[in-house]
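Thanks for coming. I have one structure to go through today, so please have a look at it before I start.

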Amino acid sequence: MKKSHILILAVIAAAIGILMTTSADVSQYVSFKEARELAAEGKNTKVHVVGRLPRSGQQIMGLEYNPTLDPNYFAFTLVDTNRIAQRVVYFNPKPQDFDKSEQVVITGAMRNDVFVADKILLKCPSKYVEKDIKGATASM
């Protein structure tokens, strides 16, 4: 074989290796209904679910975290974009600023009647408020 053929084969093998490693982390965004359907079909694929925390005033409803009893058990209720409420369990400590978050993205899979999360991503409120922006603009 020529050196150019060997080089092309090496580049193709490297490209296939990169594609295989990055495709393992790809998961889809679904609702809790779709996550239940995937679990019922026997597919334990990881999915993303976007939702909001149900609140009563400033208090988050359904929050369960006792660090003195078990610091690696955190459970809460999340309402997805289709307004389906689901119990979520996260076997890690409660994320910092969880109480301040506007929107939550969880990654994991349904197990029985509970969504078991591997990762929690928080969308916190902006520190820039409309009135602060208006006050900071210069008048001519």
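I will begin with Leu-53. Setting aside neighbours within four places in sequence, Leu-53 is in contact with Ile-60, Phe-76, Thr-77, Leu-78, Phe-98, Ser-101 and Val-104, where contact means heavy atoms within 4.5 Å. Before going further, the ground rules: this is a predicted model, in which local features need pLDDT of at least 70 and side-chain atom pairs count only at pLDDT 80 or more, while totals for chains, interfaces and linings use all residues. Residues are numbered from 1 along each chain as its sequence is written, and side-chain values use heavy atoms, with hydrogens and water left out.

Back to Leu-53, which sits in the loop between strand 2 (47-52) and strand 3 (55-56). Helices (H or I, at least four residues) and strands (E, at least two) are DSSP runs, numbered from the N terminus. Is Leu-53 buried or exposed? Leu-53 has a relative accessible area of 8%, so it is buried. The cut-offs are under 20% relative accessible area for buried, over 50% for exposed, and partly exposed in between, with a 1.4 Å probe and protein chains only. One of the contacts of Leu-53 is Phe-98; the two are 45 residues apart along the chain, and their C-alpha atoms are separated by 9.6 Å.

Ile-60, another contact of Leu-53, is placed in strand 4 (residues 59-60). Ile-60 is buried too, because its relative accessible area is 12%. Beyond four places in sequence, the contacts of Ile-60 are Leu-53, Pro-54, Arg-55, Phe-98 and Asp-99.

Now the chain as a whole. The protein chain has three helices and nine strands, and along the sequence they follow the pattern α-β-α-β-β-β-β-β-β-β-β-α. Of its 140 residues, 27% are buried. Taking contacts between residues at least 6 apart in sequence, 50% join residues at least 24 apart. The chain exposes about 10,200 Å², of which carbon and sulfur atoms supply 57%; those areas come from the Shrake-Rupley method with a 1.4 Å probe, and for residues only the protein chains shown count as cover.

Next, helix 2 (32-40). Which of its residues are buried? They are Phe-32, Ala-35 and Leu-38. These residues cover an arc of only 115° around the axis, so they lie on the same side of helix 2; the arc is that of the directions from the helix axis to the C-beta atoms. The buried residues of helix 2 pack against several strands, among them strand 1, strand 2, strand 8 and strand 9 (114-123).

There is something to see at each end of this helix. Ser-31 is in the loop between strand 1 (28-29) and helix 2, and it counts as buried because its relative accessibility is 7%. Ser-31 touches Asp-80 and Asn-82, leaving aside neighbours within four places in sequence. Just after helix 2, Gly-42 has a positive phi of about 90°.

On a 1 Å grid over the protein atoms alone, a cavity is a set of points where a 1.4 Å probe fits but cannot get out, and lining residues have an atom within 4 Å of a point. The count is one cavity of 30 Å³ or more, and the largest cavity holds about 40 Å³ of space. Grid points are joined across faces, edges and corners, and the volume is the space filled by probe spheres set on the points. The lining consists of Ala-35, Leu-38, Ala-39, Lys-43, Thr-45, Val-47, Ala-109 and Met-110. Helix 2 supplies the largest share of it, three residues, and strand 8 (103-111) is also among the elements that supply at least two.

Last, two backbone details. Asp-97, in the loop between strand 7 and strand 8, has a positive phi near 65° without being a glycine. Asp-97 is partly exposed, because its relative accessibility is 37%. Asn-112, in the loop between strand 8 and strand 9, is also not a glycine and has a positive phi of about 60°. With a relative accessible area of 77%, Asn-112 counts as exposed.

That is everything I had.

Terms used
On a 1 Å grid over the protein atoms alone, a cavity is a set of points where a 1.4 Å probe fits but cannot get out, and a pocket is an open set with protein on both sides within 12 Å along at least five of seven lines; lining residues have an atom within 4 Å of a point.
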